[in-house]
Amino acid sequence: MYIKNCWYTVAWNYELEDEGLFKTSVLNEPMVIYRSADGGYAALEDRCCHRGAPLSKARREGDDLRCMYHGLKFNPSGRCVEIPGQPKIPDNTCVRSYPVVEKHSWIWVWMGDPAKADVALIPRAMALDTPGFKSRSGFIEYDTDYQEVNDNLLDFSHLAYVHPTSFGASEDWAYTRPKIERLDRGLRVSRYVRNQDPAFGDKDTGKLDLWSSYDYQVPGVMLLHSHALLAGSADINNDGLPTSRKRQASSPNTVAKPSRHWQMGAAATPFQSSCRTSLTMSGWMSSGKVHAKHSMRTARLSRRSTKSNSELRTAR
């Protein structure tokens, strides 16, 4: 079962060429996406309604797509506007179209009721071209059910055992319980991990208090904010939100098919900042696997216990 009335990421904006056709699958629904002449986008079902030929193999004629099997031509709304040799076009000769927008360097599609497609529901993230940042982006494909990835991102206790070298995480991540808050469309998970060795930046920085807070929003978008502060800062801030510059990360997850899941994310380093990282991850589901794109923005440091899975599912 999938959540339909929400936005799913399908690509980075740079993945769509001006005249190209981008083939993908979201929630086991094949689709083709392309840029229109006015700078917008069109997303159509990747299946001609006549004989099922893929429209990702179509020929572009302006903003229209001509099926290369029997020549039916469809406009960006999915409506058939020409049938070779047949002047009358039946009203039901059409393919499904999806609301599609570009925001935060990602292409997003709405999989549910088009009348409910509110752009304001797209989680706020930092784009790859955010001023003052050097950014890099990536893509991960998981051969697993998308719910396993949601479970992974909702429980950071695994950092101590999966990422002791890649993230420099100690076992304190597993023993420090986070604060979990309900949001309108997800959860917020936050915690301080005290008195940690610096994983990034200068080794002579000294011990650090690490603040991590992320929003996990439907259908699987993680917006992470993190701070690395001098030891003792957690007590000074009364375990509350730090006031220094921060790092942010995002990661949307999208199901393409029942067993395939993609995740997208990006990373960027701010120019002349004290301590700020942004990670944005998003993905889509396809064939049960996970597809994800991610972005991460990181900055060098300036000198100067978790809930059980059952508790997390209950909170969800």
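A salt bridge is taken here as a side-chain nitrogen of Lys or Arg within 4 Å of a carboxyl oxygen of Asp or Glu. By this rule the count comes to 15 salt bridges. The structure is a predicted model, in which local features need pLDDT of at least 70 and side-chain atom pairs count only at pLDDT 80 or more, whereas totals for chains, interfaces and linings use all residues. Residues are numbered from 1 along each chain as its sequence is written, and side-chain values use heavy atoms, with hydrogens and water left out.

**Overall composition**

- The protein chain has five helices and 19 strands; helices (H or I, at least four residues) and strands (E, at least two) are DSSP runs, numbered from the N terminus.
- Of the 316 residues of the protein chain, 53% are buried, where buried means under 20% relative accessible area, exposed over 50%, and partly exposed in between (1.4 Å probe, protein chains only).
- The protein chain exposes about 14900 Å², and carbon and sulfur atoms supply 49% of this area. Accessible areas come from the Shrake-Rupley method with a 1.4 Å probe; for residues, only the protein chains shown count as cover.

- An open sheet is formed by four strands in the order β5-β6-β7-β8, with antiparallel pairing. Its edge strands are β5 (59-61) and β8 (80-82), each of which pairs on one side only.
- Two strands are said to pair if DSSP finds at least two bridges between them. Strand β6 (residues 64-66) and strand β7 (residues 73-74) run antiparallel and are joined by two bridges; Leu65 stands opposite Phe74 in β7.
- Glu82 and Arg66 meet through their side chains in a salt bridge, at 3.3 Å from N to O. This pair links distant parts of the chain, with Glu82 in strand β8 and Arg66 in strand β6, 16 residues apart.
- Glu82 counts as partly exposed because its relative accessibility is 29%, whereas Arg66 counts as buried because its value is 10%.
- Glu82 also meets Lys73 in a salt bridge, at 3.6 Å from N to O. Lys73 has a relative accessible area of 14% and is therefore buried.
- A network of salt bridges links Arg59, Glu61, Arg66, Lys73 and Glu82.

**The Glu29-Arg96 salt bridge**

- Glu29 forms a salt bridge with Arg96, and the closest N and O atoms are 2.9 Å apart. The pair links distant parts of the chain: Glu29 lies in strand β3 (residues 29-35) and Arg96 in the loop between β8 and β9 (100-103), 67 residues apart.
- Glu29 is buried, at 16% relative accessibility, while Arg96 is partly exposed, with a relative accessible area of 31%.

- Strand β13 (residues 186-196) runs antiparallel to β14 and is joined to it by nine bridges. The bridge partner of Arg188 in β14 is Asp215.
- Strand β15 (residues 221-230) likewise runs antiparallel to β14, with 10 bridges joining them. The bridge partner of Gln217 in β15 is Val221.
- β14 and β15 form a hairpin with three residues between them, and Gly220 in the turn has a positive phi of about 155 degrees.

**Helix α1**

- Tyr146, Val149, Asn150, Asp151, Leu153 and Leu154 are buried in helix α1 (residues 146-154). Tyr146 has a relative accessibility of 12%.
- The N-terminal end of α1 is capped by Asp145, a side-chain oxygen of which lies 2.9 Å from the backbone nitrogen of Gln147.
- Tyr146 and Gly220 are 74 residues apart along the chain, and their C-alpha atoms are separated by 8.9 Å.

**Nonpolar surface patch**

- Tyr161, Val162 and Tyr175 form a nonpolar patch on the surface, with about 390 Å² of accessible area together. Patches are made of residues with over 30% relative accessible area and no salt bridge; like charges are joined within 9 Å, and nonpolar side chains (Val, Leu, Ile, Met, Phe, Trp, Tyr) within 5 Å.
- Tyr161 is found in helix α2 (residues 159-162) and counts as partly exposed, at 48% relative accessibility.

Conventions
Polar contact = N/O pair within 3.5 Å; in protein donor to acceptor, adjacent residues only side chain to side chain.
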